[in-house]
Amino acid sequence: MTVPGVLTILLFFAVILLITKPFGGYLYRVYTGAPTFLDRLVRPAEAAVYRLTGVDPEQEMSWSTFLLALLVFNLAGLLLLYAVLRLQGFLPLNPRHYPGLSPDLAWNTAVSFATNTNWQAYSGEASLSYLSQLALVVQQFLSPLSGIAMLLAFLRGLTRRNASTLGNFWVDITRTLLWVALPIAGVAALVLVALGSPENFLPYVHVTTLAGSHQTIAQGPVAAMTSIMQLGDNGGGFFNANAAHPYAAPNAASLLFQLVLGFSVPAALTYTFGKWVGDTRQGWAVFAAMAILFLAGTFAAYHFELAGTPALHQLGINDQLGNLEGKEVRFGPALSTLFDTSTTAVSWGSTAAANDSFTPLGSLVLLFNLLTGEVIFGSWGVGLLGMLMYAILAVFIAGLMVGRTPEYLGKKIGAYEVKMAVLTIVVPTFVILGLTALALSTRAGLAGLGNPGAHGLSEALYAYASGVGNNGSAFGGLNAATPFYTWTVGLAMLIGRYPMYIPALAMAASLARKQAVPASAGTFPTHGWLFVVLLLGMVVVVSALDVFPVLSLGPLAEQFARTAGGAP
Amino acid sequence: MSSRTRRELPFWNGPLMRRAAGDAWRKLDPRWMFHNPVMFVVETCSFLTSADAVRYLVQERYASFAFVAQIALWLWLTVFFANFAEAVAEGRGKAQAAALRGTKAQTAAKLFVNGEVRSVPSTQLRVGDVVLVEAGDVVPGDGTVVEGAAMLDESAITGESAPVLRESGGDRNAVTGGTKVLSDWIRVQITANPGETFLDRMINLIESQSRRKTPNEIALEILLAGLTLIFVVVVATVEPFAIYSGRAVGLTMLVALLVCLAPTTIGALLSAIGISGMNRLLRRNVVALSGRAIEAAGDVNVIMLDKTGTLTLGNREAESFLPLPGASEAALAEAAFLSSLSDRTPEGRSVVSLARHRYGLSAQAYSLHGATFHPFSARTRMSGVDWQGRIIRKGAVDAVAEHLVAAGGPDPGDALRRMAADISRSGGTPLAVSENDRCLGLIHLKDIVKTGLKERIASLHTAGIKTVMITGDNQLTAQAIAAEVGVDDFLAEATPEKKLDYIQQEKARGNLVAMVGDGTNDAPAMASADVAVAMNTGTQSAREAGNMIDLDSNPTKLIDIVEVGKQILITRGALTTFSVANDVAKYFAILPAMFIPIYPGLSALNIMHLTSPQSAVLAAVIFNAAIIPALIPLSLRGVRYRPAGAAAILRYNLLLYGLGGVVLPFVGIKAIDLLITALGLPGLR
């Protein structure tokens, strides 16, 4: 590892650490209705939204009503987007006269953007009209809101006593949109423009290059889309090349700014969580577990990428700069690795390098980040929620060891909670492994693989892990636009999001009904290093136990075949 | 406190083990196995590998047969060991129940029918019948004494041979079927139908036929079933991945992997842990009426302890003589001594003993002929002696003051009352001593805190459990004793209503409350508490309100009960952690063995350098099976519980069972691999 590379990564993370407390405190104020500096601007808008939609902000919802509201909201977005994509040929703002998408591609894309996955089986600039791109931007604003609402419902479940309601879904998403998503994305878009990204609705530009060949340069509202795609941990870029495209990330400063945007909300929510439960140490403990997983993964991947490929080395090729295949040379291994481990951790799915070309162990880190269930910060609300599920399981197993019925933040963890937490882990494992197995044993699935052998296995595994985790980044290599993959990955995205919501909300309702046990010396401590270590152990062991066999046949087989000198 | 325990059965008890082995064999019936999802999966796997072995035999592939047959054998042993663990725990309970059943023989009862006594079999008695029980008779059923008083031998229930008094009225009116009247007679109203008596319930419980799973046990079972389900999915998808990668791994390998990954260790021992918890309490002579109550005991965070008999010895003792100004200590001591000679109460005897030891006084030194003794009575609240013109009295401060005024003397005044208040404040009780018309001073009676109790209260405090002392004493005295014992809170001048209020307040705050009770007026508070231990000497209504009964009637045992409750939970958590941690090493044994034929490079994962793929898999399976019987003693005994803060306990157990659970199987599997390689078992190419 090089000193500037390590410094870049550490410096970047120091910025995240710095903004977590103030931003998390701001979010806490927003959701508890405390005054904020934006109130004068936004309160009238909030009131107008409620008046227009007929929502009574004081109306509390039971968990089933909350879930219903969430599903209706998401389904409406999904159907609307599907309609726009199918009908874009007949709709305005289509200067290049692109026809409507095929049903499977439209389904895949609509599901992808409704679930905050933003898996892109289509190529943005080569198949979507400006209106379709704008519809995608709208979904990029809306889809993260549900995640926050879920988290807030869960936090209310943790802190309320003898209660039967979990808040109001419409209020949660309206506040998030007006106080968080719109203002920050707006400012961030301006910053991105200042850093060199275009923002226009101009026709594509045709140029003759110095070499004399013709090139079409895509234009469009790039800054706006990039801003919300990173802030909302969406990852659906304007361009197919995503952040590696010079318009999406014109320079390292822009790239780092986008990284900070992506981390901002998930990191800040850990502090909000601490405030919410009345003990910020609880939030920092979760933050620490996430940070350790993130940094360990990033440095490991960076190390493997710098170590390069032994096969090239043996051929006498100078690989002192590391594995540069598939990396954007403007950013080099450190930034590229940082960006792509971040993308798999924070679940925004935008990439700055071709993951397909990572060294096997480098890609192992990316896969592992995905397979934890996207709990290393993760996307808005959902990442923290997933981590809290791990925390509940950790508390249950280890909590018995202190000789009391396990409790988390004063709430007893009973059979019902364990059942729901287990469900949130069983279902994704089942879907990821099941669909990967299906892809690797059917002709349609095998036809889409870009490589044979261990690498092909990694490609398919990555696609479903990314789908279930609602990450949206692609390993590359895989032909994701075939009907087999558009349908199955679409299914993975749906199952990855909604069936996870139901047990989490049901658990929140069960927790809300409970009385809280006051803390004492006999209470299992869930702050401090012991708990951080326990939580880390839980995430690593549970995830690793599930996926060790498949990873052995994928990246590990590839790695050891390389070092052994054989073909993978 | 040392409490008498029943004789502990040695772990290797021959007949018990043989019976358990037979039971374990019978439990292989899949219909029975179905109640334990983890072991049911293992049994299914055993069937599958056995069928696979037969297939190889038919195909005459003897090397493969030898390997698969050995795997099948060890899988069957895994199931057998799990059943054996449960059977051993049940067997130990049954052995204890058998002793009780001996007393349950049918007896003849003397039933009153229209005022006449008629002899009927005890099985025909119904609730409300009144029977006569005379010396030499066995009490025919549970009931309440409605008339008379008798000495009973309750050793059949309590194991304690000293006779106890049972009489009508008051808090000692409950009798238990199967106990024996030694002298006198009593009339008993039957309070339980045959088959529902205390003894019946105890036998049922101990035989664990009616043992229902506790909430934590159910939650843990769900987790284990969930983990098993995940591993079924993981293992089932290995085969398509392997086929894609070039070569199927085969049924036996997959099954071995599944069984090793599934949490078989805790799955096998879970029910044994629960059963043995009840047995451990029974050895301490406590019968829990449900497993749920034992578990709740581990969760308790407030313990209400009666002062008298629990925290302090029942009787107060004289500690010092405090003369008033103008009187000498020796004169006070002598007066106190003489006035207490006729006082047969423990307090009176302690005054005599203090005077004898500290001032060398003895009754022989006085010619007490002609003395008139006034023994202590509740009416006068004094005792004393009239001797050689000296009128000496000793008693409650206001009683003595009244006596002096009546005798024409001066009121002892403020000095005496101030001294008396000082004694109260220090947790003692003052007694005044007077001679003729003059008050000489005070005797300081002190509550004696049971030895070793302060340490136990302190350890409860460390474990985050709040202790509350309940006493009828006034606020000042209660405060002083509370401070001396080290309890966190106290309830002075306690009445049944105050107790109930206190419990409900604590429960509203989310705390779980444990208490001990014996009297009828304790019943409402007991019914409200989460853990209520009834004393066996208590009334029927107290026994019914409690969810545990202490046969020794030793209220200090509540602390033991809490510790046993915690121990059960800790044992479950520790073995679960251990079981899951084991999986790491098993992966490193089995995965390379499975995949080396596909990718030879993966031999890099064989970090234990196991001899061959076959020996690696067999070693992992053998380790997985053998760890179960190895841990049976631990699950029956329970993990050691040291009272400490949760963080300290967690750190210790996490290190021992978490880290230990990761490391031990690496060592164990390697050792077994070396052993089976050296033995040259067939089929391990």
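**Chain A meets chain B**

Modeller: Let's start with B:Ala647, which touches A:Pro525 and A:Leu530, leaving aside residues up to four places away in sequence; contact here means heavy atoms within 4.5 Å. This is a predicted model, where local features need pLDDT of at least 70, side-chain atom pairs count only at pLDDT 80 or more, and totals for chains, interfaces and linings use all residues. Residues are numbered from 1 along each chain as its sequence is written, chains are lettered from A and ligands numbered from 1 in the order in which they are written, and side-chain values use heavy atoms, with hydrogens and water left out.

Biologist: Why is B:Ala647 called partly exposed?

Modeller: Its relative accessible area is 27%. B:Ala647 sits in helix 22 (residues 646–679) of chain B; helices are DSSP runs of H or I with at least four residues, strands are runs of E with at least two, and both are numbered from the N terminus.

Biologist: And what makes B:Asp142 buried or exposed?

Modeller: B:Asp142 has 2% relative accessibility, under the 20% limit, so it counts as buried. You'll find B:Asp142 in the loop between strand 3 (130–134) and strand 4 (143–153) of chain B.

Biologist: How many residues are in contact between chain A and chain B?

Modeller: 59 residues of chain A are in contact with 60 residues of chain B. The area buried between the two chains is about 4800 Å², with carbon and sulfur atoms giving 78% of that. Buried area is the accessible area (1.4 Å probe) that two parts lose on being put together, summed over both. A:Met401, A:Leu545 and A:Leu553 supply 16% of what chain A buries against chain B, more than any other three residues.

Biologist: What makes chain A as compact as a globular protein of its length?

Modeller: First, chain A has 19 helices and four strands. Its radius of gyration is 23 Å, close to the 24 Å that the globule rule gives for 568 residues, so chain A is as compact as a globular protein of that length. The radius is taken over C-alpha atoms, and the rule is 2.2 Å times the number of residues to the power 0.38.

How values were computed. Buried < 20%, exposed > 50% of the residue type's maximum accessible area, 1.4 Å probe, protein only.
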